[in-house]
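Here are my notes on the model you sent over. Have it open while you read, and check the points against it as you go.

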Amino acid sequence: MSPSVPLQEMIRAIRSARTQCEERGVIQRECAAIRAQFRQVDNGARSHNLAKLLYVHMLGYPAHFGQMECVRMIASPRYSEKRVGYLGAMMLLDEKQDASLLITNSIKNDLSHSNQYVQSLALCTLACMGSAEMCRDLAPEIDRLLRASNSYIKKKAALCAVHIVRKVHDLGELFAPAARSLLSEKNHGVLHGAVVLITELCERNPEALERFRKTVPDLVQIMKSLVISGYSPEHDVAGISDPFLQVRILRLLRILGRNNEAASDAMNDLLAQVATNTDSTKTVGNAVLYETVLTVLDIKSESGLRVLAVNILGRFLLNNDRNIRYIAMTSLQRIVGTDHIAVQRHRGTIVDCLKDQDASVKRRALDLSLALVSASNIRSMMKELLLFLSSCPPELRAQAASGIFNAAERYAPSQRWHIDTILHVLTTAGGDVRDETVPNLIQLITNTSELHCYTVHKLYRALLTDISQQSLVQVACWCIGEYGDLLLRGECQETEPVQVTEDDVLDALETVLQSHMSSPATRGFALTATMKLSTRITDNVDRIRSIVSIYGSCIDVELQQRAVEYNALFKKYDHMRAAVLERMPVIEKNSPGHTNGESAGEAIKEIQPAKVKQAEPLLPQQPANQVCDLLDLLGGSEEPLQPSPAQSSTAPGLPINTASSAGGDLLDLLGGLEPTPTAPAPSVTVYDKGGVTLTLSCEKQSDTGLTVTLTASNSTDSDISGFTLQAAVPKSVQLHMKAPSGDFLPARGAAKVIQMVVLNNPNKVNLKMRIRISHSSQGSSFQDTVQIDSFPGL
């Protein structure tokens, strides 16, 4: 290839290359020829060679050797060379390159050039790649050009001033007077640049925001002239007069009217006029309407105007464009807390969006539907949400189930409806629910004594139908163990009577124990339920004894421990079995919406006195030697224990001396039903930002082992989804993160997310941890990092 081939010939040769190797060969030969011509002193094809080099740069090949040629061409007096030189500078140079400092003086000279196009080249280059040092040096020149008489130069200077303000915040005061005067211009380009500049100044400086609030009447007048103006071919886009300028003015008005009643009153009439007169059949009109809605909702607008804005978003939901439906639901999600009644009018349309094929639209519709649930519409909304849960994508099931649980807990019209709803969710998506669902449902069932018969019958039928949903199976096993006698009676007014035999119940539990789908935790529930049935049935106690004895050699340590303890209860302490396996007392819930982890300690403290009271009357009836044998089995004292009346009346919240209570050791036989109360681990707040609070507590397991508990809560007025924690520690420390209690933080601290982290520090290095917090709220994603250098209790 000849070194002097035109740009078009080089492009044609590169495109005709059949392999990448052939293309590289063409480019290398051409770059060598360009480099040789750059070294020539008198070269008439400088702009031609630099243009070819810029094309090579666009293909991704190195072109840094052309930087100095750009500097030389910018200093050329010829416009053709200067134009290519400035283009090369914008593409090949940036503020990190030392060569960019060499063109500062050339830009300054060209800003004073008599030719407006040369001035334009300098302004564009400075706005594209000007560094902070260049901006400080050339800011006075830009301020001078903002006051020039040429509209072409003023619009370029305004946009260049925006770049300077972003680079050097302190220079905003320099441009404020000139920016104010630009609003009197008639040229739309100058007005657009002025509005962008004022917006930038107001966002970065509160003093400038107060100063520019005086320009609200001027902006309103400009906007009115755009709305009522006739057809102008120069600015018309699909029937809308200069929509770009309209959008920019509306955005500026939103900033100026925020938290200011006087400014908001001045623009209310204008916003109503724009909202009613703008054509919504075209995308351009929808863009203007969307900015109008955002402005109305962000300022102190009138109630009627806010209703109008919500109705516009409701019309967006009927649009065929999924993007418009998505932004409409995102905007409604932000205001559902403040304008709940207005958003409720569009509930039907929002629920229909749950059937959309687009996954992002479905997710937004789910968030908004859950936010619209109230006491008045709980039944109708829950039907739609349960229908959606049965067919929703797998990635949305956990979020949908969590939202249904929260809504049912807040607005349940009756206890039976509440239980039926949770069981429906467990039947449909039992594998996607949070860990605290099982204990919370058990607590709910325990407190509704009038529905025990109904619940156990319904769960028994569900267990026979499907044992793949682990959460459902665990609750069913617990209820059968507690209320198996009600199931065997077959007398239930709430449901159709079903004759269930003892063998049928034991067959169902044995199926769960033997199923490959059952987790170790589920087998533990089933084994305990089988053991509890030994006091509720009469004819199959021997079968229960044989089932329990089988698992005394189980490979799972937890299951084996339970089986061994149950066998000991059968063999040595059969006279105590009825007392040990009696029904659980009613569990009092401290506060609505608490999770299993956040208040488990308080629940245990409240239950302890009641359990001791129930166990103590049984102990004096036993011979003293039997009590001593039991204590010997558990490693207790050799002396017979005499129950103290004072201990049985221990006030709630005070620690109980379990070393002197046979009841405590007796309940410990079943794996810690009555744990010894210990002092709570000290906790500290390690993160508190944007309404999200993260507390940390530590428990030392050994000299090198440590268990860290991270508890997150949400104090904002909107729910947080997709909450995840990631942790990093020094390389010598071993880290194991257990499964979190969930990924959903409801608003106003209704529930918490608990994350357990197990650390092993064999080298005993200085322990540090970095935690990354990620979550989504109101359609926006957030991510932050916190460093932990000290751990409480160490």
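1. Strands β6 and β9 (residues 769–777) pair in the antiparallel sense, with six bridges between them. Elements are DSSP runs numbered from the N terminus: helices are H or I with at least four residues, strands are E with at least two.

2. That pair belongs to an open sheet of three strands in the order β6-β9-β10, with antiparallel pairing. The edges are β6 (721–728) and β10 (780–788), each of which pairs on one side only. On average, neighbouring strands of this sheet are turned by 15° against each other, direction ignored. For the angle, axes are lines fitted to C-alpha atoms (for helices over the stretch in contact), and angles run from 0 to 180 degrees between N-to-C directions.

3. Before going further, the ground rules: this is a predicted model, where local features need pLDDT of at least 70 and side-chain atom pairs count only at pLDDT 80 or more, while totals for chains, interfaces and linings use all residues. Residues are numbered from 1 along each chain as its sequence is written, and side-chain values use heavy atoms, with hydrogens and water left out.

4. Now to β8 (residues 753–760), which pairs with β5 (residues 705–714) in the antiparallel sense over eight bridges. Gly 705 sits opposite Asn 760 in that pairing. β8 is also joined by four bridges to β7 (residues 734–737), again antiparallel, and there His 736 faces Val 758.

5. Two residues deserve a look at their backbone. Most residues other than glycine have a negative phi. Lys 764, in the loop between β8 and β9, has a positive phi of about 55°. Ala 238 also has a positive phi of about 55°, and lies in the loop between β1 (236–237) and β2 (240–241). Buried or exposed? Lys 764 counts as exposed because its relative accessibility is 56%, and Ala 238 as partly exposed because its value is 40%. The cut-offs are under 20% relative accessible area for buried, over 50% for exposed and partly exposed in between, with a 1.4 Å probe and protein chains only.

6. Helix α17 (residues 303–317) has 15 residues and spans 21 Å from first to last C-alpha, close to the 21 Å expected at 1.5 Å a residue; the expected span is 1.5 Å times one less than the number of residues. Its buried residues include Leu 305, Ala 309, Ile 312 and Phe 316. The buried residues of α17 pack against α15 (261–277), α16 (283–298), α18 (322–335), α19 (340–344) and α20 (347–352), with contact meaning heavy atoms within 4.5 Å.

7. Which residues lie nearest the centre of the second largest pocket? They are Gln 333, Ala 371, Asp 717, Ser 718 and Asp 719, out of 41 lining residues. α23 gives the largest share of the lining, eight residues, and α18, α21 (359–372), β6, β9 and β10 are among the elements supplying at least two each. A pocket here is an open set of points on a 1 Å grid over the protein atoms alone where a 1.4 Å probe fits, with protein on both sides within 12 Å along at least five of seven lines; lining residues have an atom within 4 Å of a point.

8. For the whole chain, there are 36 helices and 10 strands, and 50% of the 794 residues count as buried.

Conventions:
Two strands pair if DSSP finds at least two bridges between them.
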